[in-house]
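I opened the model to look up its fold, charged pairs, pockets and surface. My notes follow the structure.

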Amino acid sequence: MTFYCLVFLSLTFPLPSISARVSLCNEDLSFATMVGKNQDWQVDTNLVDMEHQMQATSVQSTESGVTAGLRPWKGQSNWRHRHHLKNVHGILNIFGWGFLLPTGAIVARNFRNFPLKCDEWYQLHTLCQTSGYIVGTVGWGIGIWLGKSSKQYTLKAHRIIGIIIFTFATLQMLTLWLQPKKEDEFLKCWEIYHHLLGYALIVLSIANIFEGINNIQSHAAEKWRWVYVGMLIILASTAVTLEIYRWIKSKNQQQMAFDENEIYASSQQI
């Protein structure tokens, strides 16, 4: 009887601890399951977020790729267009302001009466001046447009001198059409004004052409410079040659006049 009581007691009292342990194990299992589910949910959420981010990144990269693919072509096209207009601007201004206008001045000085007489000198002078004005004005207009369309390269000095040149050239064109008659009292004043304004226009044109060449930011600046220097050498050589011929002819005429006076004086003494 005592033995059975002891066995019964030994079986009864450990049950709470066993049940407690079982309950603890169940709680641990349920907690682990919840943690696992939470981790799985977090992993799934992170994966979804990463997928959305990758999609957004791919879309942005695609859009930026398309934009980056379009912008260089557009920028390159604009650069080529501006580069072409700059070349046209330089060629027209060099030929108009820097070559035709000085040629017209040389014709007017040396082919009117002395040292060379040409009956068509006025037509040649007007043709050179008018052609130079038209060509130079077109080049000047292109330069004004290039200056307004670019915020980085304003070139204020080059632009201001160009405006002054256009103003002087316009005044010269007006003086050609408003020239007074030979019997007019203001003819001498008009000639002085026309000559001074014309020479000032030529000097400003040459200076501004070199100013524009100095603003070229490439190796082509040297080519432009030497081309225009060659044109100036041709003009200067022609002008100097004609001036030397004028001086020689003037000296010969003075000597002939002196000899005639000597002959006339000697004949009077006889």
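Where do Glu222 and Arg225 lie, and how many residues apart? I found both in helix H6, three residues apart, which is about one turn of the helix.

Entry 1, ground rules. I am working from a predicted model, in which local features need pLDDT of at least 70, side-chain atom pairs count only at pLDDT 80 or more, and totals for chains, interfaces and linings use all residues. Residues are numbered from 1 along each chain as its sequence is written, and side-chain values use heavy atoms, with hydrogens and water left out.

I read six helices and zero strands in the protein chain. Along the sequence the pattern is α-α-α-α-α-α. Helices (H or I, at least four residues) and strands (E, at least two) are DSSP runs, numbered from the N terminus. Of the 270 residues in the chain, 23% are buried. I used under 20% relative accessible area for buried, over 50% for exposed, and partly exposed in between (1.4 Å probe, protein chains only).

Side chains of opposite charge can pair when their charged atoms come close. I took a salt bridge as a side-chain nitrogen of Lys or Arg within 4 Å of a carboxyl oxygen of Asp or Glu. By this rule I count two salt bridges. One joins Arg109 to Glu243, with the closest N and O atoms 2.5 Å apart. This pair links distant parts of the chain, since Arg109 is in helix H2 and Glu243 in helix H6, 134 residues apart. Arg109 is partly exposed at a relative accessible area of 38%, and Glu243 is partly exposed at 30%. Glu222 and Arg225 form a salt bridge too, their closest N and O atoms being 2.9 Å apart. Glu222 has 42% relative accessibility, so I list Glu222 as partly exposed.

A pocket here is an open set of points on a 1 Å grid over the protein atoms alone, where a 1.4 Å probe fits, with protein on both sides within 12 Å along at least five of seven lines; lining residues have an atom within 4 Å of a point. A volume is the space filled by probe spheres set on the points. The largest pocket has a volume of about 1000 Å³. I list 35 lining residues, and Lys86, Leu155, Gly212, Asn215 and Ile216 lie nearest the centre. H2 gives the largest share of this lining, 11 residues. By class the lining has 14 nonpolar, 18 polar and three charged residues. Ala, Val, Leu, Ile, Met, Phe, Trp, Tyr, Cys and Pro count as nonpolar, Asp, Glu, Lys and Arg as charged, and the others, Gly among them, as polar.

Of its 27 lining residues, Ala108, Arg112, Trp121, His194 and His195 are closest to the centre. H5 gives the most to the lining, nine residues. I sorted the lining into 13 nonpolar, eight polar and six charged residues.

Leu171, Leu174, Trp177, Leu178 and Tyr193 make a patch of about 570 Å². For a nonpolar patch, residues need over 30% relative accessible area and no salt bridge, and nonpolar side chains (Val, Leu, Ile, Met, Phe, Trp, Tyr) are joined within 5 Å. Areas come from the Shrake-Rupley method with a 1.4 Å probe. Helix H4 (residues 156-177) gives the largest share, three residues. Trp177 is in helix H4 and, at 67% relative accessibility, counts as exposed.

Note on methods:
Patch = residues over 30% accessible without salt bridge, like charges linked within 9 Å, V, L, I, M, F, W, Y side chains within 5 Å.
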